Amino acid sequence: MVEQSDRAPLLDWEEIPAGAPAPAPPPERGYVSRGANCRALGSTAPGTGWSTSPGGPGAFLSAAVSGEADSAASAETVRLGPCWDAHSPVKGESRLTGWETGGPEKEPATSVPEWEEKDQIVAVFVVTFDTRSGNIVEWCLPQDADLVGVEFKSMASGSHTISSDFIYFRKGSYFGLACFANMPVESALERGARMKSVGILSPSYTLLYRYMHFLENQVRHQLESPGHYTQLEAFYEDKKGVLPIGNGAATSLQPVHWLPSINRCMHPEMKITHPAGCMSQFIKFFGEQMIVLWKFALLRKRILIFSPPPVGVVCYRVYGCCSLANVSLPGIGVSVPEFRPFFYINVADIEVLENEVSYVACTTEKIFEEKKGLYDVYVDNQNVRTHHENLQPLLRINGADRDKYRKLSEQRQMLLYSQEVDRDCSSNEEDLFILFFMEQNNRIFQILSEVSASQDKTLTEEHMRGMGLDPQGDRSFLIDLLEVYGIDVMLVIDNPCCP
């Protein structure tokens, strides 16, 4: 079950085991150091989690979708990518550790064979707004950590207009999460407001959600008692990871264990970066424009989402865009650029973005709109646009697009009806969303692969309809898709201008 307070939407949530009493609240602003053998809730793989190449999460999902799972495990379990809880009991119940509840952790009576994940927090920091110097890193561990630019990533432009927020971002090969708070103070030196962010860096974004509440408590603690870092020091000593040897590139290691059912395996992945129901909000927010975003995501375009603060909910839209491009067929997507989530970006990231060929990110800085060389697609509210003339046809909603959106909406309504009337909670909207687009993508590439392997390699209107595409309206999309993925077929579609 997911509980949400009436504070900032999508900010305050936590897992509670089904049928269990509500846990005691976490210690106020505190952190209790745990031993090396203690385990955190919702352990996940230290990978980037976005790859659609074989070996990524999509490859494992194909067995679930097609029913071709290994016979030794298919009767009870389905293997997926970095989206599972490595330390939950066999039945899949979540359990709260001593850190979350403030009490000693209880071991489950039975558990799945465990992949022992190591905590890999490589830096912890406090950023403050100084009225004379602007955003500065006031404290960090380790003291020699390279945090150049983090002071702007963890305190978004325009944050002075809101009371609290959370921000996901990238720093080099690492992912970061920071919680921001703004507290009124009676101080002329601070101009009536004290603003700080407390954040962490890790090689994987999938680890970060565990520490959301701790960071929220700590930023409030720093506002009320500036300069007291004892709890942050204890946290870092308990969680610090070993920096990788070499260039420090983010890894994509996969754990080796199994969990029952698609729903059980996929749901924890959704919890990594947002609370339950966020995909539903993603669908409602973009409506039919979501199908336009799906095409751009599948083409691996550079997508930039603009929105004023708060940033946290917009980071969820970044995640939603990435979820549109999952493909689980072996061999598909190996040669295309990785669709990389940058989450929040600012002007300090311009140099990095100049070298990126595929990404999705969000920003609060309107100046990016003028930097057209940095993006292919610009999203302002529900308005999706592109300055590339060859991509303009993709902005037009056609009949096949409306049909896809209608089918998705109907499936959502059926799911909600079964949950309310039949009390069937075996599936949820997050599962439905990911599987809907994954199956759509798989169907397209399955047909393209079959045509490419045929003798004449001719792709007809019937093939396009079989892929769920409009033979006329999606012609330019399909041509771009064939080029991006290097698929050798001959497109034969009648010219609508000819009788």
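Buried means under 20% relative accessible area, exposed over 50%, and partly exposed in between (1.4 Å probe, protein chains only). The model is predicted: local features need pLDDT of at least 70, side-chain atom pairs count only at pLDDT 80 or more, and totals for chains, interfaces and linings use all residues. Residues are numbered from 1 along each chain as its sequence is written, and side-chain values use heavy atoms, leaving out hydrogens and water.

**Helix H8**
- The buried residues of H8 include Met290, Trp294, Lys295 and Leu298.
- Arginine 300 follows H8 and has a positive phi, near 60°.

**H8 against H12**
- The axes (lines fitted to C-alpha atoms over the stretch in contact) of H8 (residues 289-298) and H12 (residues 429-453) come within 13 Å and cross at roughly 55°.
- That makes H8 oblique to H12; angles under 35 degrees count as roughly parallel, over 145 as roughly antiparallel, 65 to 115 as roughly perpendicular and the rest as oblique.
- H8 contributes Met290, Ile291, Trp294 and Leu298 to the contact, defined as heavy atoms within 4.5 Å.
- H12 contributes Phe433, Phe437, Gln440, Asn441, Ile444 and Phe445.
- Eight residues of this contact are nonpolar, two are polar and none is charged.

**Serine 449**
- Serine 449 lies in H12.
- Its relative accessibility is 33%, so serine 449 counts as partly exposed.
- A polar atom of the serine 449 side chain lies 2.7 Å from the backbone oxygen of phenylalanine 445.
- The C-alpha atoms of serine 449 and aspartate 488 are separated by 8.9 Å, with the residues 39 apart along the chain.

Methods: Axes are lines fitted to C-alpha atoms, for helices over the stretch in contact, and angles run from 0 to 180 degrees between N-to-C directions. Helices (H or I, at least four residues) and strands (E, at least two) are DSSP runs, numbered from the N terminus. Ala, Val, Leu, Ile, Met, Phe, Trp, Tyr, Cys and Pro count as nonpolar, Asp, Glu, Lys and Arg as charged, and the others, Gly among them, as polar. A polar contact is a pair of N or O atoms within 3.5 Å; within protein, one must be able to donate a hydrogen and the other to accept it, and residues adjacent in sequence count only if both atoms are side-chain atoms.
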